[in-house]
Amino acid sequence: MSKWIGIGLLVAGIVLIVPLIIAAFALAIGGGGLADCGPDDTSTVADTGDGSTGPGNIGPIPGKFIPFYQGAAAQFGLGDKGPSMLAGIHFHETSFSTNVATSGPYVGPMAIGSDYWDTYGVDGDGDGKKDIMNEADAIYAAAKILKGFNAKNDWRDALASYNAGPTKKAAGYGYADDVMKHAEKHHVPATGGGGSTTRGADCSPGAGGGTVSGNVQELAQQVLSLIKGGKIGQSYKSDTGDTMAQLKRAANGQEFQMTCRAHGGPKNVDVNPDILKAIIEASNQGAYVDISNITDKCHSSAESPHYRGEALDLTCSTRNIEKIHEVAKKYGGTNNYEVCPGAQHWHIDFPK
Ligand SMILES: [Zn+2]
């Protein structure tokens with residue numbers, strides 16, 4: 001869905017210039033260098049500001065996007081290659097959102113046409129809005145479009161259609177080949193590896209599983225995306241539906257809103273981002289995190305500081321609690337006496 005005329009020019013014979021253009025772009029906005037992963041490597045990405053780019057460590061995917069690629073590919077049945085292909089498109093179109101058009105025929109992180117958005121727009125982060133400029137929404141929409149083009153059966157064909165439209169897809173095969181090359185360099189596993197998938201110095205695939213990063217808003221979007229993709233549970237519906245409502249607030253850049261009068265409510269508090277990081281990382285490492293509550297109406301006591309945004313409850317449907325405790329500990333979490341099955345939930349404190 002990009003400017004296929006531009007791509008057409010590249011296909012027409014200016015292929016050799018691509019690495020130079022990308023190098024110039026990287027130098028212009030980030031001061032990054034070129035990856036040296038073979039003569040045809042065009043996957044260099046500018047420093048994304050997440051601190052993971054450096055000499056010999058070039059070409060990372062910002063870790064915050066990984067759950068979106070994985071969740072979108074899972075939801076729309078794109079198979080194991082799906083996350084990498086979405087990353088390949090995201091890189092090719094906007095250098096992982098560092099070069100996003102806000103107007104014109106193709107806009108947003110995935111450069112989707114507004115006509116397509118009307119049909120294929122998705123609320124990828126579950127915040128109740130379909131926003132073409134929102135990364136989760138755009139990545140999920142791209143996955144939906146690719147499913148419509150039967151991508152799992154023929155990626156090259158589907159990517160060509162994604163670029164040039166199904167009736168003119170012959171013009172899109174150059175784009176398809178480029179994206180598939182990027183996908184190869186920027187491998188994203190179907191699950192796990194929530195951190196950067198930076199390739200090693202020898203150009204071998206990165207190990208993945210790095211530390212989760214981002215601000216509360218970005219982290220909340222990741223959690224909502226993982227819930228939507230079924231990777232994280234939210235099976236307990238509190239009387240107020242509070243946790244989902246608060247996550248949606250956070251995904252929109254708002255503070256959590258506490259309503260409990262016993263704790264001075266209503267008032268807004270910052271949720272401890274370490275709670276969200278621990279949830280995401282434990283999920284990435286294979287645990288099934290079934291959130292009961294982060295906050296709840298009056299579910300708090302002096303020993304149970306949910307009202308300060310400093311505690312997490314998990315239902316007994318949670319699996320691999322040992323892994324969750326291990327990850328939580330890394331983020332300053334400590335579990336108290338409330339454990340399954342007797343207490344009917346697991347409780348973990350995350351003091352700020
Ligand atoms: Zn609790």
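Of the 352 residues in the protein chain, 51% are buried (20 or more other C-beta atoms within 10 Å of the residue's own; 12 or fewer makes it exposed, anything in between partly exposed, with C-beta atoms placed from the backbone). Keep in mind that this is a predicted model, where local features need pLDDT of at least 70, side-chain atom pairs count only at pLDDT 80 or more, and totals for chains, interfaces and linings use all residues. Residues are numbered from 1 along each chain as its sequence is written. The protein chain holds 12 helices and 8 strands, taken as DSSP runs numbered from the N terminus (H or I over at least four residues for helices, E over at least two for strands).

- The average pLDDT of the protein chain is 76, and 72% of the residues score at least 70; pLDDT is the predictor's confidence in each residue, from 0 to 100.
- Helix H2 (residues 18-29) has the lowest confidence, at a mean of 38, while H6 has the highest, at 96.
- Residues 5-58 stay under 50 in pLDDT, and the model has 78 contacts beyond four places in sequence for them (a contact means C-beta atoms, placed from the backbone, within 7 Å).
- Residues 194-209 also stay under 50, with 50 contacts beyond four places in sequence.
- Looking at contacts in the protein chain with a separation of 6 or more, 62% come from residues 24 or more positions apart.

**The nonpolar cores**

- The largest nonpolar core has 46 residues, and the ones touching the most other members are Tyr 69, Leu 86, Ile 139, Ala 141, Ala 142 and Ala 143. A core here is a set of buried Ala, Val, Leu, Ile, Met, Phe, Trp, Tyr and Cys residues joined through C-beta atoms within 7 Å.
- At least two residues of this core come from each of helix H3 (66-75), helix H4 (82-94), strand E1 (106-107), helix H5 (114-120), helix H6 (135-148), helix H7 (155-164) and helix H8 (173-185).
- H6 gives the most to this core, 9 residues.
- A second, separate core has 37 residues, among them Val 223, Ala 250, Leu 312 and Ala 328.

**Helix H6 up close**

- H6 is 14 residues and spans 20 Å from its first C-alpha to its last, close to the 20 Å expected at 1.5 Å a residue (the expected span is 1.5 Å times one less than the number of residues).
- Mostly covered, H6 has 11 of its 14 residues buried. Among them are Glu 135 and Asp 137, along with Ile 139, Tyr 140 and Leu 146.
- Those buried residues pack against H3, H4, strand E2 (112-113), H5, H7 and helix H9 (216-228).
- Setting aside neighbours within four places in sequence, Ala 142 contacts Leu 86, Ile 89, Met 110 and Ile 112.
- Asn 150 follows H6 and has a positive phi, near 60 degrees.

**The four-stranded sheet**

- Four strands form an open sheet in the order E5-E6-E8-E7, with antiparallel pairing (strands pair if DSSP finds at least two bridges between them).
- Strand E5 (291-293) and strand E7 (334-335) are at the edges with a single partner strand each, so one side of each has no neighbour in the sheet.
- E5 and strand E6 (residues 311-314) run antiparallel and are joined by 2 bridges: Ile 291 sits opposite Leu 314, and Asn 293 sits opposite Asp 313.
- E6 also pairs with strand E8 (residues 346-349), antiparallel over 4 bridges; in E8, His 347 is the bridge partner of Asp 313.
- In a regular strand, side chains alternate between the two faces of the sheet. In E6, Ala 311 and Asp 313 point one way and Leu 312 and Leu 314 the other, and all are buried.

- The peptide bond from Cys 340 to Pro 341 is cis, with omega near 0 degrees; Pro 341 lies in the loop between E7 and E8.
- Ala 111 is not a glycine, yet has a positive phi of about 50 degrees. Ala 111 is in the loop between E1 and E2 and counts as buried because it has 25 C-beta neighbours inside 10 Å.
- Asn 320, also not a glycine, has a positive phi of about 65 degrees. Asn 320 belongs to the loop between E6 and helix H12 (321-330) and counts as partly exposed, with 14 C-beta neighbours inside 10 Å.

How values were computed: Two residues are in contact if their C-beta atoms, placed from the backbone, lie within 7 Å.
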